[in-house]
Amino acid sequence: MPHTFISGAKGEKPRSDLRAKFTPSNKPLSISINSTVKRMYGQNILSQAQSVYQELQIKTGELEIEDFGALPFVIAARIESVIKQAFTDLRQESLPPIKDFCLGNSTRDRFRRSRLYLPGNQPKLMLNAGIHNPDGIILDLEDAVSPAEKEDTRYVVRNALRSVDFFGAERMVRINQGEPGLKDLEFVVPHNVHLILIPKVEDAEAIKNVDAKISEISAECRRKTPVFLMPIIESGSGVLKALEIAEASPNIVAIAIGLEDYTADIGVQRTDEGIESFFARSMLINAARAAGIQAIDTVYSDVANEAGLRASVQEAKTLGFDGKGCIHPRQIRPIHEEFAPTQSEIEKAQKIVAAYNEAEKKGLGVVSLGSKMVDPPVVKRALRTVKLSEEL
Amino acid sequence: MEQLVKNAAGRLVPTVVNGVKQTPFQGVGKYKPSGKKAAPPIRSCSEYPADGNKIIKSLKDALLKCGLQDGMTISSHHHFRNGDLVMNQVFDIAAKEGIKGLRWFPSAAFPCHKPVIDHIKNGVVDWVEGSLNGPLGDNASHGNMNGTAVLRSHGGRWQAIQDGEVHIDIAVIAAPTADAFGNATGDRGPSACGLLGFGLADSMYADKVIVVTDNLVHFPCVPWQIQGQNVDYVVVLDKVGEPEKIVSGTTQLTKSPDRLHIAELTAKFVRKAGILKDGFSFQAGAGGTALAFAIFLKEMMKDEGIKARFIRGGSTRYLVEMLEEGLTDFILDGQTFDLEGVRSMRENFGHINTSPFTSYNWHGKGNFASMLDVVVLGATEVDVNFNANVVTHSDGRMLHGIGGWQNCLFSKCTILPIPAFRNRIPVIVDKVTTLVGPGELVDVIVTERGIAINPLRKDLIRATKNSGLPIRKIEEIKAEIDDLIGGQPAKPELDDEVVGIVKWVDGTVIDSIFKIAD
């Protein structure tokens, strides 16, 4: 009995996805298609399947497609994935052409108030994620994806990076821990990912491995722009080495805390008040400031509780965090609103910026407001506050 | 094959349908009716019991007393939506009596009427003439009726009855509460559904009228939404409808972040365009996005201290809250979409029972729909000229009724908040599969990818020019989506056989629905 390989959508009624079954054989390639949009896209799906085969130079076997309105980049990913399960040595790739809107760059110190996690194997959630204007979109290869789907998901994430408009959000991917994470990088670094989230970082070593692998892939694919890094600290030992981690690579632009795993690690329950994580969060912020990078707070997981989210963001802001994770688009706006500077903060910052501009113009080395001297970090923070207020 | 002619919208339409001569669409407001309205036969009190007791012991007896025979037109209303328990019984009785060739003329049919497909197969029912939701529509799309489907708006149905285009032999009016004289109301009783406006014309113009109730009260039944003076017989059954099924999926608030985004953009548009002001009026129908729109609008009204003069229903609990919080003086209601709407209609002075005559009928001396400041509607497809479709899907299947949709297009500002694509299928197309609403009446499309204003509405373009809203050309949004979904879908393979026609509000034929090639 020949083995059948399967990729793609799970469950009864998926949307915007497809399931592909491939049975290798010596017979010439046959393709059967069932689709919820067969009347409209049946022919289109068939010719796309054929062209994926051609690119991968496979001429035999039996492919069964069950489609639920998948977009072309998903169709290509699922088919390539199922074929590569069968032909593990295949080097060719079937890449959708990269869209112009996928080519923009990011900057070190851009705002990272909100970053929206999307499971890497749920393409339907990616299509319109950008319209909700998060600062960053994370295609997750790690916790949101079951071990059995990890490999399959890489193709979807790779193709999404080349095909989906994130409307200016920073293009982020969370890779897996350790060796599988390094393999993940091969699927994203050549495709203009802006930032890599590295989970469960315990020391500088983990960062150095990722950095080295990125350099290697970048050289190979002639990528010129840096790939920014955001280590996530999720354990007691990670917290104690926060500074070492924050300084482990010049590509690190932010450091984040994951409290779900952290509280489990130190053996306490997470509470609404968050006393149990105060030390860890403070430690992280101080390390971030020392390293000159951003500090990003954990996600708020009770999607329906907007008041709770707002309180949590207020607290994060008070502690000194620059951003917060989110798991649903409706969390984005409350996060941005709560991180927005208050009117008095804006006015104060505007005065400092005016004084700074004045000093620049006069060629003075020192910025002063009235009789008080203003230190450079304060000026920097004021510039940021003014920019943030303009953003809203 | 019947002969098709090109109408003023460039669509091919038949000139005779089900043996009745048709007038092709001539353009918006162009067709001028003439003559007198239709009327039912004159009756005498001497033919009816003086004590007012018109009760007949069974539905079958009532139908036979009405002279049920082959080829008759039987009408019904759809206030129970998917919870109607009466009409399947009517056709079962007709089948047992060996009746053939009936025309069913409901204001709308729902999935619960799927058994009627068997009666079409066995010849009891020739065809269904009314909004076809779900399986009956699908069945008709495949050419499985012995007649052509005729789709009308709520206003168009009144117009057709009033103008004598459709003559009803027997009207069957399911009523949640009635007295023995035939006075009936929908706002109370164990099967309360709110109102009975969709059955009102039937009660006034049909030859014979049967009121079927499961809650008989002593005379007088008040309010008498249906007047006993129009009623021939009253039948009491154990249960006429399942009110919990009045609340269909289309009346649930959306949870989708994309739909919420569209709804909020729509509300913002209404505000920025200057429509949101004291004493204004709006209509937002069923459908999750329309409901969410009403909620966003409500917040804006509260923020700015603005109050509406009236809101047009379908009412839902969200509209009822606005009425009870004093954010509107009136709800002018055509149908209640949930049980809170039913309660409010019973209890609130400002919750008014209306009919397609007052709200929608085009052949009258004005109607409410054109007085609305803004209306929010759905659509299955819109083309780059703003022509819209609400009855067929892009694969050609006829799956939805028109409802009040066409009638509402006459509001001062018609907005269609719609997702730019649904599961790979684009909503903005080159040419709509079926033309239901002419582009000149569709003012604004709001999608998650931006807002497109009809170039004819220079006033709206001007009013929202520096609003910060994402206003774009419709072609630009279309191009963006086409790129994402890998091009426009293949057009469905359709037969030349016409399986349905779409009437415009004036009774002319605006488009044909063709059989799907299998």
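This is a predicted model: local features need pLDDT of at least 70, side-chain atom pairs count only at pLDDT 80 or more; totals for chains, interfaces and linings use all residues.
## Domains of chain A

Let's start with the overall layout of chain A. Three domains make it up: residues 5-86 form domain 1, residues 100-339 form domain 2, and residues 343-391 form domain 3. Taken over C-alpha atoms, the centres of domain 1 and domain 3 of chain A are 58 Å apart.

## Two crossing helices in chain B

Now turn to chain B, and find helix α7 (residues 257-272) and helix α8 (residues 288-304). Their axes come within 8 Å of each other and cross at roughly 45°. With angles under 35 degrees counted as roughly parallel and 65 to 115 as roughly perpendicular, α7(B) and α8(B) are therefore oblique to each other. The crossing of α7(B) past α8(B) is right-handed.

Which residues make the contact? On the α7(B) side they include L260(B), I262(B), A263(B) and V270(B), along with R259(B), E264(B) and R271(B). From α8(B) come, among them, F293(B), F296(B), L297(B) and M300(B).

## Where chain A touches chain B

Finally, here is the contact of the two chains. Chain A brings 19 residues to it and chain B brings 16 residues. On the side of chain A that touches chain B, helix α1 (residues 38-56) of chain A gives the most, with five residues.

What is the make-up of that side of chain A? Its residues divide into eight nonpolar, eight polar and three charged.

How values were computed: Residues are numbered from 1 along each chain as its sequence is written. Chains are lettered from A and ligands numbered from 1 in the order in which they are written. Domain bounds come from an automatic or database domain assignment. Axes are lines fitted to C-alpha atoms, for helices over the stretch in contact, and angles run from 0 to 180 degrees between N-to-C directions. Helices (H or I, at least four residues) and strands (E, at least two) are DSSP runs, numbered from the N terminus. Angles under 35 degrees count as roughly parallel, over 145 as roughly antiparallel, 65 to 115 as roughly perpendicular and the rest as oblique. A crossing is left-handed if the near helix is turned anticlockwise from the far one by less than a right angle, and right-handed if clockwise. Two residues are in contact if their C-beta atoms, placed from the backbone, lie within 7 Å. Ala, Val, Leu, Ile, Met, Phe, Trp, Tyr, Cys and Pro count as nonpolar, Asp, Glu, Lys and Arg as charged, and the others, Gly among them, as polar.
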